[in-house]
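Hi,

Here is the model I promised to pass on.

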Amino acid sequence: MINTNSWFKVVILTLLCTLSAISSAKQPLVQIFTKEPQQGSMIVGRMLIDGQVIFQGKPLVLTETGEFVFGVGREFEGDAVLTIVSNSEKTKYPITIKQRKWNIERVDGLPKEKVNPRSKETLTRIKKEAQRVASARTVWSEQNSFLMAFILPANGRISGVYGSQRILNGEPKRPHFGLDIANKTGTPVVAPADGVITLVEPDLFYSGGTIIIDHGFGINSTYIHLNSVDVTAGQSVKQGEVIGTIGATGRATGPHLDWRLNWKGVRLDPQLLILD
Ligand SMILES: [Zn+2]
């Protein structure tokens, strides 16, 4: 009896070992740190093997420790599919992207010229300013600040969220891409993570006092409607360091900070960085 029993145990053990060998042969290739990736998510992961990770046809640059970052915008649909290339073998790694529902946000009482600018001078100004902002967002650096746990850049009441469909003075406009934090003019705005200042503008047409911080690997954050801008382009900032103050400059109905997050040209939801 004892013999049969131990023979039986050996069989079970062998079976278990074989099963675990099979599952360990299928080692995970990447690890995704972002919980519940959704439309507007900055997605951070790490390669667990030597190789390349490709997203939308382009390799993602890896940090020295193998991390990578990319983002999916408001309109992203389906899975975000990574292609892992290792030893000339390609493996697809799909990441489920949760679809979201968007608010409708009505803003009334804006000056006409700020909603539908008509003068040639203003239109030229808007175009030039948009180019300056876009070029600040193409800055590439290999600092790891995007890996930090971000903090809120200002205290206040959340008065607007990412993705809302906007109706300005009754006219449907582009969605809102920032997180609005309302507070008194002069309330300090701090860097939510380390970075390097890539744009400082005291008064842009739409966004008023504007600052952009590069956090590395294509991730940058923007602060608009500022009353004061207290940094200079090229300056390094640490998390928690004051960069400016809340205001109502540009197209704003009251004092608030509009905080934005980009991966290169893709507009992301900054609020998702500070949910947990
Ligand atoms: Zn806003």
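Domain bounds here come from an automatic or database domain assignment. For this chain the assignment gives domain 1 (25-95) and domain 2 (104-273), and the centres of domain 1 and domain 2, taken over C-alpha atoms, are 28 Å apart.

Two caveats. It's a predicted model, so local features need pLDDT of at least 70 and side-chain atom pairs count only at pLDDT 80 or more, while totals for chains, interfaces and linings use all residues. Residues are numbered from 1 along each chain as its sequence is written.

Now the contact between the domains: 12 residues of domain 1 are in contact with 17 residues of domain 2 (contact means C-beta atoms, placed from the backbone, within 7 Å). On the domain 1 side, S5 gives the most, with four residues (strands are DSSP runs of E, at least two residues, numbered from the N terminus).

What sits between the domains? The largest nonpolar core, with 42 residues, has contributions from both domain 1 and domain 2, so it lies between them. Such a core is a set of buried Ala, Val, Leu, Ile, Met, Phe, Trp, Tyr and Cys residues joined through C-beta atoms within 7 Å; buried means 20 or more other C-beta atoms within 10 Å of the residue's own. Strand S16 (residues 219-229) gives the most to this core, with five residues. Tyr 223 is among the residues with the most contacts inside it; leaving aside neighbours within four places in sequence, Tyr 223 touches partners including Pro 153, Val 189 and Trp 259.

Cheers

Methods
Buried ≥ 20, exposed ≤ 12 C-beta atoms within 10 Å, placed from the backbone. Contact = placed C-beta atoms within 7 Å.
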